[in-house]
Amino acid sequence: MVKELTKEEVDSKTDPSVATQWDESTPISEQFKELYGIVDGMKSSLLTTIRPDVGPVSRSMACAKRVGPDFLFIANIHSKKFDDLKHDKTAQITFQNTSTQDWVSITGKATTTDNADPRIKEVYSKGVNAWFGDLGDGVHTGGPEDPRMALIEVKPHYIAYWKSTSTTVGFIKEVAQASMTGKVADTGVNRQLFDKDIQWARDSTS
């Protein structure tokens with residue numbers, strides 16, 4: 001149902017379209033369970049790094065593996081994202097499901113490793129070679145031993161996400177009703193997870 005606004009609620013601390021948008025009643029364990037359900041159901045994300053003299057630069061990348069709240073990506077060590085991360089370890093990962101409107105925004109620090117990292121063989125899948133190619137020299141084969149193949153690991157310190165609580169038809173109906181009545185649409189829950197919450201999830205995974 002849409003939420004009605006009253007004049008007492010219209011400021012930055014009480015306006016329900018801003019201040020009361022965050023779900024603070026759901027247990028943290030359930031919030032992570034639903035977060036994982038969203039990200040595990042998506043094949044790709046946007047990985048954003050900070051480029052000197054440019055600012056945020058994003059590219060679509062598939063997550064190779066999620067370990068609790070942390071994310072691993074296989075990437076070409078010659079790509080510019082590695083240069084970005086030498087200057088600034090800040091990374092952001094975003095997911096969006098255009099069918100449900102669910103979205104996830106993850107901010108954290110990234111570390112990089114070279115091909116000596118044994119986890120590459122653990123997370124490698126056959127389709128990865130399509131993004132590297134076989135150079136025909138017996139070394140740069142696009143396989144897990146290819147020296148170009150490296151890992152980017154993002155450890156979040158802040159996560160925000162929105163989860164739909166309505167069907168597609170219900171979403172459209174709710175937004176239309178809110179638009180016509182001047183009320184605030186109520187189509188899902190917005191959640192934020194902080195460093196202490198994320199560390200709890202990390203400890204729970206190990």
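My opening question: is Phe-194 buried, partly exposed or exposed? Phe-194 counts as partly exposed, at 40% relative accessibility. For these words I used relative accessible area with a 1.4 Å probe and protein chains only: buried is under 20%, exposed is over 50%, and partly exposed is in between.

A note on the source before going on. This is a predicted model, where local features need pLDDT of at least 70, side-chain atom pairs count only at pLDDT 80 or more, and totals for chains, interfaces and linings use all residues. Residues are numbered from 1 along each chain as its sequence is written, and side-chain values use heavy atoms, with hydrogens and water left out.

**Entry: strands**

I looked up strand 1 and its partners. Strands here are DSSP runs of E with at least two residues, helices are runs of H or I with at least four, and both are numbered from the N terminus. Two strands pair if DSSP finds at least two bridges between them.

Strand 1 (residues 45-51) runs antiparallel to strand 2 (residues 55-61), and seven bridges join them. I found Val-57 in strand 2 as the bridge partner of Thr-49. The two strands form a hairpin with three residues between them, and Asp-53 in the turn has a positive phi of about 65°.

Strand 1 also pairs with strand 5 (residues 90-96), in the antiparallel sense, over four bridges. Here Leu-46 has Thr-94 as its bridge partner in strand 5.

**Entry: aromatic rings**

Next I looked up ring pairs. Rings of Phe, Tyr and Trp (its six-membered ring) pair if their centres lie within 6.5 Å; planes under 30 degrees apart are stacked, over 60 edge-to-face, and the rest tilted. By this rule I have four aromatic pairs.

Phe-71 and Phe-95 make a tilted pair, 6.0 Å centre to centre with 45° between the planes. Phe-71 is in strand 4 (residues 70-76) and Phe-95 in strand 5, so this pair ties together parts 24 residues apart in sequence. Phe-71 is buried, with a relative accessible area of 4%, and Phe-95 is buried at 4%.

Tyr-158 and Phe-194 have ring centres 5.6 Å apart and planes at 55°, so I noted the pair as tilted. Tyr-158 is in strand 7 (residues 149-164) and Phe-194 in the loop between strand 8 (188-193) and helix 5 (195-205), 36 residues apart. Tyr-158 is partly exposed, at 25% relative accessible area.

Last, I found Phe-32, Tyr-36 and Trp-200 in one aromatic cluster.
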